[in-house]
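Me: Could you walk me through reading helices and their packing in a model like this one?

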Amino acid sequence: MPRHATPRGAGSEDPPPHRRAPATAPFAGASAARQSSTTPPTDPAGSDSVARPLDGDAILAFAAHCVTPMRQQRPDTANGGHDGSPLLRSCVGIETEWFVVDPRAVHTLIAPERTREALAAGAGGDGSVLPGGSRITFEPGGQLELSGPPADLRTAIRSTAADLRLVRAALAERGLAIVGMGTDPLRAGVRQTIASRYAAMEEHFRTGGGRSGPAMMCSTASVQVNLDLGATVEDARRRFQLAHTVGPVLTAMFAASPALAGRRTGWRSTRQAIWTGIDASRTGSVLDLEPPAITAATHPESPDIHPQSTQSCDNPTFMGGLDIPRTHQSRDSAPADLAELWARYLLDARLMMIAEPGDADVQARGEQHFTAATGGHTFADWLAGRGPASRPPTLDDLRYHATTVFPPVRPRGWWELRYLDAQPGDDWQVAVAVTTALLDDPTATAGAAEACAPVARRWPAASMQAMADEPLRRAALCCLELAAHALRRAQAAELADAVDQFAERHTLRGRCPADDLSERIALIGPAGLLREEAHSCVSVA
């Protein structure tokens with residue numbers, strides 16, 4: 001997998017081309033090591049076609065490269081060793097996001113420049129790439145992100161943990177700490193970067209893209225798990241479906257955001273509630289897309305925090321005139337053609353921004369300038385000549401558009417699972433281990449699919465009630481047991497023990513991390529919680 005394109009870009013810098021393009025070989029075993037991650041992937045339509053106007057074939061080719069395994073294994077060896085024993089063979093890429101806090105002044109937002117200086121002084125070099133391979137970037141509100149290199153599960157967790165220890169120690173020397181929660185419980189987020197991408201994103205949200213948009217940009221943090229597409233095309237379909245099926249259970253199990261900007265919200269995962277306040281063409285599930293397609297007129301703004309929304313479809317003729325067939329897809333079955341679904345999703349999603357040449361200074365710096373799309377146009381509108389720009393869209397425009405849509409599971413040449421809250425302390429390791437085990441181990445996969453199928457649509461309950469919802473709790477307990485057994489079969493006993501301990505602290509008691517955080521807020525207030533978490537993160541280092 002190339003270096004992962006983060007859900008909201010590369011912080012204070014516009015993402016370079018190799019972070020915007022889909023991967024043609026997401027994980028080819030050890031060959032997909034970090035050293036090759038800076039090489040731009042092969043253009044699915046040819047390197048000379050990036051600036052050419054798009055047609056249906058080019059869009060489908062792009063989508064196919066996002067969802068199709070490049071190197072397919074024999075089915076009988078895809079999920080196990082030569083003796084048939086199940087192994088966690090997939091590579092995993094881990095992205096963790098953190099709020100940066102000054103324990104002496106917890107109400108103060110920390111600018112990325114201050115964090116970057118502390119890391120450079122404590123980690124050596126410019127602090128942008130750490131010894132374990134993690135790349136440092138910043139989210140719009142100054143949240144710190146570590147994007148780890150792809151590796152097997154144990155190596156990926158070990159490398160990310162080592163880099164986090166270095167980060168914590170470097171920040172502590174300058175009086176700073178990092179805190180893991182899905183939302184900032186105290187500080188109202190403000191955009192901290194001047195990057196053109198984020199200025200355009202903010203304008204898009206403020207002019208009709210969803211009132212929750214600025215909070216998503218500046219006040220949320222997540223654990224993102226990036227996994228192989230699969231060994232075969234059929235395996236990729238199965239994994240994509242399962243990643244959605246287990247979504248509500250994992251969201252509820254690891255819910256860790258009961259407060260926002262100084263008040264408790266009534267949600268266990270306020271972060272998930274925030275995401276549903278953004279237009280559904282951008283955040284709905286790819287599997288929820290049914291014909292006919294979505295038009296701008298069918299995307300009402302979602303002004304309030306509300307349960308998981310799904311895409312509505314009112315216009316049976318709209319597809320930009322492209323010859324892409326529409327095959328009805330049940331939400332409860334694996335998609336027949338992932339490339340078709342992903343192409344349609346991209347076409348039907350509202351445009352967020354358009355790349356423009358910019359002024360001479362911008363061009364001299366080799367940066368891109370973005371103009372917010374505020375008219376509610378979709379990418380298909382633009383293709384049909386009804387978009388916000390007079391020029392036709394190109395493959396590079398499609399690539400960038402794909403980085404501005406945020407479904408719960410996003411195809412990028414790997415599966416990008418995006419529904420997990422950031423975790424207090426080191427519980428991110430449990431979230432990553434459980435997610436990976438459930439999708440990789442054949443026994444755990446089968447058990448999780450069966451246990452989670454009855455609750456696969458319980459997104460609202462997952463965000464609000466979490467483990468207080470008994471059906472979700474039963475499925476979660478089953479998944480934790482399956483994951484622990486899978487980890488022990490994979491000789492990852494230390495991770496299995498961590499899963500068991502998490503279950504004892506939380507799930508077995510009908511609780512999730514948000515319940516502990518909420519009780520502490522009631523006792524010491526959001527400022528006290530942030531201060532305590534900051535001190536505990538320093539002690540972890």
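Predicted model: local features only at pLDDT ≥ 70, side-chain atom pairs only at ≥ 80, totals over all residues.

Reply: The protein chain has 20 helices and 11 strands, and buried residues account for 62% of its 541 residues.

Me: What share of the contacts between residues at least 6 apart in sequence join residues at least 24 apart?

Reply: That share is 78% in the protein chain. As for the surface, the chain exposes about 18900 Å², with carbon and sulfur atoms supplying 51% of that.

Me: How far does helix 4 reach from its first C-alpha to its last?

Reply: Residues 153-173 span 31 Å, close to the 30 Å expected for the 21 residues. Just past the end of helix 4, Gly175 has a positive phi of about 75°.

Me: And how do helix 15 and helix 19 cross?

Reply: Two packed helices are described by the angle between their axes and the distance between the axes. For helix 15 (residues 428-440) and helix 19 (residues 493-505), the axes come within 9 Å and cross at roughly 110°. So helix 15 is roughly perpendicular to helix 19.

Me: Which residues meet there?

Reply: Gln429, Val430, Ala433 and Val434 from helix 15 meet Leu495, Ala498, Val499 and Phe502 from helix 19. By class, that contact has 7 nonpolar residues, 1 polar and no charged ones.

Conventions:
Residues numbered from 1 in each chain as written. Heavy atoms only, no water. Axes fitted to C-alpha atoms, helices over the stretch in contact; angles between N-to-C directions. Helix = DSSP H or I, 4+ residues; strand = E, 2+ residues; numbered from the N terminus. Parallel < 35°, antiparallel > 145°, perpendicular 65-115°, else oblique. Contact = heavy atoms within 4.5 Å. Nonpolar A, V, L, I, M, F, W, Y, C, P; charged D, E, K, R; others polar. Expected span 1.5 Å × (residues − 1). Buried < 20%, exposed > 50% of the residue type's maximum accessible area, 1.4 Å probe, protein only. Areas by Shrake-Rupley, 256 points an atom, 1.4 Å probe, with all protein chains shown as cover.
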